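Colleague: I'd like to learn how to read this fold with you. Could we go through it feature by feature?

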Amino acid sequence: MEPLAGDMGPTSDIAIQALAARRESVKAARDFTQSVLAGWGAAGLEDDLALVVSELVTNALCHGLNAGRDDATDVAHNIQLALLRKGERVMCAVQDPGENLPEMQEGGEDEESGRGLYLVGCFSDSWGWFPLNGMGRRTGKVVWAMFEIPA
């Protein structure tokens with residue numbers, strides 16, 4: 001896969017959704033993603049991208065909101081979901097204020113959790129993360145996944 005910033009021209013579209021620190025935000029993120037993709041004519045990605053967004057938002061809710069922090073000031077910061085379309089690629093990025101780093105786990109057969117990033121890796125073309133520390137007043141991280149729009 002070529003780099004996102006290659007010779008594909010400027011970003012075609014960006015859609016951003018703030019999400020509250022509630023379980024219902026996972027469905028809201030999924031619905032937002034499906035609506036945006038339909039508007040972009042990228043409906044072929046809806047199922048895979050909605051699943052990955054669900055996993056990333058769930059991880060942000062479980063591990064990214066005040067995990068390991070002594071203060072509660074970042075709760076108002078909540079979570080942000082960004083969808084970016086550039087050429088024939090779509091990136092989803094979920095930002096949260098937590099400092100816990102994403103770590104792929106191997107969930108056992110009988111375990112009900114621990115497979116989120118494994119699924120992200122299976123359904124996306126690539127994924128990764130970067131810290132926000134030192135970027136103005138923002139702290140935390142962004143976890144992203146890249147998808148190719150099917151022909």
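Colleague: To begin, how many helices and how many strands are there in the protein chain?

Modeller: The protein chain has three helices and five strands, where helices (H or I, at least four residues) and strands (E, at least two) are DSSP runs numbered from the N terminus. Starting at the N terminus, the order of elements is β-α-α-β-β-α-β-β. This is a predicted model, in which local features need pLDDT of at least 70, side-chain atom pairs count only at pLDDT 80 or more, and totals for chains, interfaces and linings use all residues. Residues are numbered from 1 along each chain as its sequence is written, and side-chain values use heavy atoms, with hydrogens and water left out.

Colleague: In what order do the strands form the sheet?

Modeller: Two strands pair if DSSP finds at least two bridges between them. Here the five strands make an open sheet, ordered S1-S2-S3-S5-S4, with antiparallel pairing. Strand S1 (13-19) and strand S4 (126-131) are the edges, each pairing on one side only. Within the sheet, strand S2 (residues 79-86) and strand S3 (residues 89-96) are joined by seven bridges, and Leu83 stands opposite Cys92 in S3. H1 packs on this sheet and touches S1, S2 and S3.

Colleague: At what angle do H1 and H2 pack?

Modeller: Two packed helices are described by the angle between their axes and the distance between the axes. Axes are lines fitted to C-alpha atoms, for helices over the stretch in contact, and angles run from 0 to 180 degrees between N-to-C directions. Helix H1 (residues 24-40) and helix H2 (residues 46-64) pack at about 150°, and their axes are 9 Å apart. Contact means heavy atoms within 4.5 Å; the residues that meet include Val26, Ala29 and Leu37 in H1 and Leu49, Val53 and Val57 in H2.

Colleague: Which residues have the most contacts inside the largest nonpolar core?

Modeller: In soluble globular proteins, nonpolar side chains tend to be buried together. A nonpolar core is a set of buried (under 20% relative accessible area, 1.4 Å probe, protein chains only) Ala, Val, Leu, Ile, Met, Phe, Trp, Tyr and Cys residues joined through side-chain atoms within 4.5 Å. The largest one has 30 residues, and Leu56, Val57, Leu81 and Cys92 have the most contacts inside it. H2 gives the most to this core, with seven residues.

Colleague: Apart from neighbours within four places in sequence, what is Leu56 in contact with?

Modeller: Leu56 is in contact with Cys92, Val94, Leu117, Val120 and Val143.

Notes:
Buried means under 20% relative accessible area, exposed over 50%, partly exposed in between (1.4 Å probe, protein chains only).
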